[in-house]
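Hi,

My notes on what turned up in it follow below.

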Amino acid sequence: MDYLLTDEHKMVRELARKIADEKIRPVAAKYDQTEEYPWEIMKVIAEAGLFGLFVPEEYGGISPTVLGLCLATEELSRACGGIAVCYAASALGTIPIVLFGSEEQKKKYLPDLAAGNRVAAFAVTEPEAGSDASAIKTTAKKEGDHYLLNGVKHFITNGGDAETYVVIAMTDKKKGARGASAFIVEKGWPGFEFGKKEEKMGIRASSTRELVFTDCRVPAENLLAREGMGFIVTMKTFDQSRPGVAAQALGIAQGALDVAVKYAKERHQFGKPISAFQGLQWMLADMATQIEAARALVYACAREIDAGAKDVAKDSAMAKMYASDVAMKVATDAVQILGGYGYMRDYPAEKYMRDAKITQIYEGTNQIQRNIIALQLIKETAK
Amino acid sequence: MNIIVCIKQVPETTDVKINPETNTLIREGVKSIINPFDMYALEEGVRLKEKFGGKVAVLTMGPPQAEAALREAISLGADEGILVCDRAFAGSDTWATSYTLAGAVRKIGAFDLIVCGKQASDGDTAQVGPGISAHLDIPQVTYVKKIESIEPASEGKGWLMRVERMMEEGFEIIETPLPALLTVVKEINEPRLPSLRGMMKAKTAKIAVWGQNDLKLDENSIGLCGSPTQVIKIFTPPPRTGGRRLQGEIPEVVGTLVELLKNDLA
């Protein structure tokens, strides 16, 4: 389907596709196996300028749009959902600074993030605060010109490899969600250490670690927005970044379909290619249609954000939820089409299935997305 | 260091089909790309610019659509593109092409280095690069696999370059003053991917188009009539059929081989 992209967006897609085909596809299985952080690919992505897609031009970005970020993430994910999330998670860690940073904070942190010299991460989740972000236990206590951070964040994508972290901590526990604040924290500061690296089912090229804060001194000027804004920072960041996760899911789904179609044309049984059997044709047709519907939703949502729409929570949740459910279904069907080969690591289908699963879970589980959608729906009809 | 990189737009295929009636390449339905060897020339030019400063101008001769190759070169780090394009240049062989390109180089003006790929993937002659240096009367080093060292120009002395030249067996080290022309092999570097900034710059870059009116070359040395090469016939050589393997005890095999040589292959 022709989405009538601008020339600039076509360039982003073409460039990301080139990186995916020439640089990522040949090494995707290697990183999946070794679980090493894909620095060589991050360097390629940086040199291509794709980290500039989520930073305003005055801070070193290049024609930043949510749609551009989605196109890049989708194309990279077609080759490897794990490598793509290393990139997209840096966007997630950068967006709060773009949205809420002071002029000084933006000048200090954004140029390096736009150039890809540094990678960012966003740290909200804790062992006991997943979907319920208001249960955060990490604290930030103000002492003179700095805050003391104490607590543990876990499941942090890019954790340990990122240099710049946006961390949500409680400045006033009594106020509940309104007592949370956001801080920019740099790797290497005393009292900031990394816990264990998780071993994951999928997206194994990406790193997921614990962040451990023990009396970590964060200068007061590194508070993002104001005290008590942490929850707003988180919600607004996710509103902008969810289309990116949706795009990752979309890319994984498309990659799985590409593998399935190629295989169905090559594999012969009963004297003909299995693509000649209607049972498989209908599966492929459904997969392709679902992907296209997801793509239309994701691009529409990204365009809406780029046009400056205010309340995008519902649409953003719909895009993330639908695209990730499609990714899981399409990737599972792709494994089915490859049959026994689909189950084997020698073929790429099973990796897409493992990579797809996380997109239904992170950046708000799909159950939480449904809550957001339903809540908004009820609000709208109450007016 | 001001560098000129000469490139050619070629069909993206290693399996070139020839129209047997016109003796020309069949281009329909085949995507056009920058000749792969020229990508190494461009990369080397851009690296030298990044190290020593200056500019990289990309030069090509071809039909109007060759402009796309120049834009791609700009997305990969070149500063400007020049398309030599005129019906008067059509049908040029390697002599007329290198004569015409040398004319374009003179019009560009002062330069320190010309870099070309070792040959084009369609014509495979490897003659245009050396031809340009002959027409300009500057030194040439072909099949360069590494630039070993460069001594910048200093009081009264020009640039001096030491390069490794790939030979059938081993390599040669050659020192040459600049300006000179190099043709490079794929061992010299790994070409980069384009950047988003480069692609955006390429989209709006102004490509200079020079024809015979701009270059004012000798009418008898350009195009088909300026080309001494006459193509009588072009054909695809028949593929070599597989050999036959003789197996068994040596005395027996030798006997069979002698018989074969005597009878079947005589």
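Two salt bridges turn up across the interface of chain A and chain B. Keep in mind that this is a predicted model. One of the pairs to look at is B:Lys203 with A:Asp7, a salt bridge whose closest N and O atoms sit 3.7 Å apart. There are also three residue pairs in polar contact across the interface of chain A and chain B, with both residues of each pair at pLDDT 80 or more.

As for which parts of chain A do the touching, helix H1 (7-24) and helix H3 (39-48) are the elements of chain A that give two or more residues to the side facing chain B. H1(A) gives the most to that side, with 10 residues. Sorted by class, the side of chain A that touches chain B has nine nonpolar, four polar and seven charged residues.

How many residues of each chain are in contact? On chain A there are 20, and they meet nine residues of chain B. The area buried between chain A and chain B comes to about 1200 Å², and carbon and sulfur atoms give 75% of that. On the chain A side, A:Met11, A:Leu15 and A:Ile62 supply 44% of the area buried against chain B, more than any other three residues.

Now the cores. The largest nonpolar core has 127 residues, and the ones with the most contacts inside it are A:Ile19, A:Leu50, A:Tyr87, A:Leu149 and A:Val185. Helix H7 of chain A (residues 230-266) brings the largest share of this core, 14 residues.

Last, a few words on chain B overall. Chain B has seven helices and 13 strands, and its C-alpha trace spans about 75 × 45 × 40 Å along the principal axes. Of the 266 residues in chain B, 44% are buried. Looking at contacts in chain B between residues at least 6 apart in sequence, 69% join residues at least 24 apart.

Cheers

Notes: Residues are numbered from 1 along each chain as its sequence is written. Chains are lettered from A and ligands numbered from 1 in the order in which they are written. This is a predicted model: local features need pLDDT of at least 70, side-chain atom pairs count only at pLDDT 80 or more; totals for chains, interfaces and linings use all residues. Side-chain values use heavy atoms; hydrogens and water are left out. Contact means heavy atoms within 4.5 Å. Buried area is the accessible area (1.4 Å probe) that two parts lose on being put together, summed over both. A salt bridge is a side-chain nitrogen of Lys or Arg within 4 Å of a carboxyl oxygen of Asp or Glu. A polar contact is a pair of N or O atoms within 3.5 Å; within protein, one must be able to donate a hydrogen and the other to accept it, and residues adjacent in sequence count only if both atoms are side-chain atoms. Helices (H or I, at least four residues) and strands (E, at least two) are DSSP runs, numbered from the N terminus. Ala, Val, Leu, Ile, Met, Phe, Trp, Tyr, Cys and Pro count as nonpolar, Asp, Glu, Lys and Arg as charged, and the others, Gly among them, as polar. A nonpolar core is a set of buried Ala, Val, Leu, Ile, Met, Phe, Trp, Tyr and Cys residues joined through side-chain atoms within 4.5 Å. Buried means under 20% relative accessible area, exposed over 50%, partly exposed in between (1.4 Å probe, protein chains only).
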